[in-house]
Amino acid sequence: MPQDQEHYMHQCSLNEALLEAFTEGAGNPYSTAIYTCFAISCLVFVVSTITKNYSQVDKLWSITPAIYAWIAAIYNTDSEGSGLGSGSTRTTLMAILTTIWGVRLTANFSRRGGYSWPPWRGDEDYRWALLQEGHLLPILKREGPWMVFNLVFISFYQNFLLLLTAAPSFVAYTMAQAPGCKGLGGTSLRLWGLDGLATVIMLGSITIEALADNQQFSFQTEKYRQINAGVERKGDYANGFCQSGLYSIVRKPNYAAEQMTWVSFYIFSVAATGSGTGSGIVKGVWYGLNWSAVGSILLVMLFQGSGWLTEKLTLMKYPDKY
């Protein structure tokens with residue numbers, strides 16, 4: 001092994017850099033993001049408890065990941081160390097892509113009635129009401145267990161999951177700024193092929209999700225127009241749910257695209273560590289895997305559970321047509 005690579009292997013550790021960021025206290029992107037996430041989680045719990053609208057996280061779902069990505073980008077400096085806010089190419093690119101994703105998803109949520117004034121009002125995900133009625137777990141019908149569920153899962157777990165989905169930005173920040181990692185093999189700062197691959201997949205996933213959401217919105221708009229007009233419904237409109245277009249290929253194309261969006265976002269952290277080249281000179285990386293993979297993995301698991309619940313409820317709603 002070349003001497004310079006052996007030197008870096010003893011100094012560049014993602015896990016140690018993460019621990020050091022926590023022990024430093026305030027003044028780094030890790031602590032800033034965690035404090036922000038904690039404050040948002042507390043606010044969501046208080047507001048949802050008072051208003052009985054438990055879709056407060058849904059209103060922030062498309063907003064907070066971009067905030068965390070920009071925190072990493074703003075704290076980052078370029079390879080010349082020109083100061084706070086100059087940013088590196090990779091973390092800035094990641095923040096821009098996350099913003100594109102967020103603006104698109106926010107617009108879609110808004111047109112479905114997700115936002116209103118005052119901001120804590122708006123449409124609530126029907127699944128929360130069904131869960132509160134005990135359709136999945138009878139114990140959630142009781143006020144105490146439901147409050148615990150709201151605190152632990154709805155308010156805190158989901159918000160910290162959103163922080164973890166943006167975690168690859170913090171790996172990119174660490175690779176650009178940690179003394180033992182900065183400039184390692186050149187890949188910690190400059191963009192290369194793997195960044196291009198991640199960008200293409202992420203933009204493609206956002207596009208597919210937009211097409212699926214538009215198709216679903218058009219379908220639901222027409223379905224309820226026919227219902228309100230008393231028109232005899234046929235085909236998919238009679239069945240009650242969309243089964244054409246992208247939905248004839250994948251049952252939940254928007255869910256699939258959303259998951260792929262954040263899996264591709266993780267690829268940026270692989271590009272930052274240079275592990276795509278097989279160098280293996282960064283501690284805390286194992287065959288391209290680093291701690292920020294937890295976010296996309298947990299997100300996929302959440303969507304699997306959410307998808308299963310949605311299918312179960314759809315079967316209950318349309319037992320003869322599903």
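Let's start with a space in the fold: the second largest pocket holds about 290 Å³. Keep in mind as you read on that this is a predicted model.

**The pocket and its lining**

Two elements each give two or more residues to the lining of this second largest pocket, namely helix H2 (14-24) and helix H9 (167-177). The biggest share comes from H2, which supplies five residues. In total, 17 residues line the pocket, and those nearest its centre are Ala17, Glu20, Glu24, Ala178 and Pro179. Here is how the lining of the second largest pocket divides by class:

| Class of lining residue | Number in the second largest pocket |
|---|---|
| Nonpolar | eight residues |
| Polar | six residues |

**A look at Ser306**

Now to a single residue. Ser306 sits in helix H13, which covers residues 293-317. Is Ser306 buried or exposed? Its relative accessibility is 17%, so Ser306 counts as buried, the cut-off for that class being under 20%.

Which residues does Ser306 touch, leaving aside those up to four places away in sequence? They are Arg127 and Tyr255. With Arg127 there is a polar contact, made side chain to side chain at 2.7 Å. As for Tyr255, this residue is 51 residues from Ser306 along the chain, and 9.6 Å separates the two C-alpha atoms.

Notes: Residues numbered from 1 in each chain as written. Predicted model: local features only at pLDDT ≥ 70, side-chain atom pairs only at ≥ 80, totals over all residues. Heavy atoms only, no water. Helix = DSSP H or I, 4+ residues; strand = E, 2+ residues; numbered from the N terminus. Buried < 20%, exposed > 50% of the residue type's maximum accessible area, 1.4 Å probe, protein only. Contact = heavy atoms within 4.5 Å. Polar contact = N/O pair within 3.5 Å; in protein donor to acceptor, adjacent residues only side chain to side chain. 1 Å grid on protein atoms, 1.4 Å probe; cavity = no way out; pocket = protein on both sides within 12 Å on 5 of 7 lines; lining within 4 Å. Points joined across faces, edges and corners; volume = space filled by probe spheres on them. Nonpolar A, V, L, I, M, F, W, Y, C, P; charged D, E, K, R; others polar.
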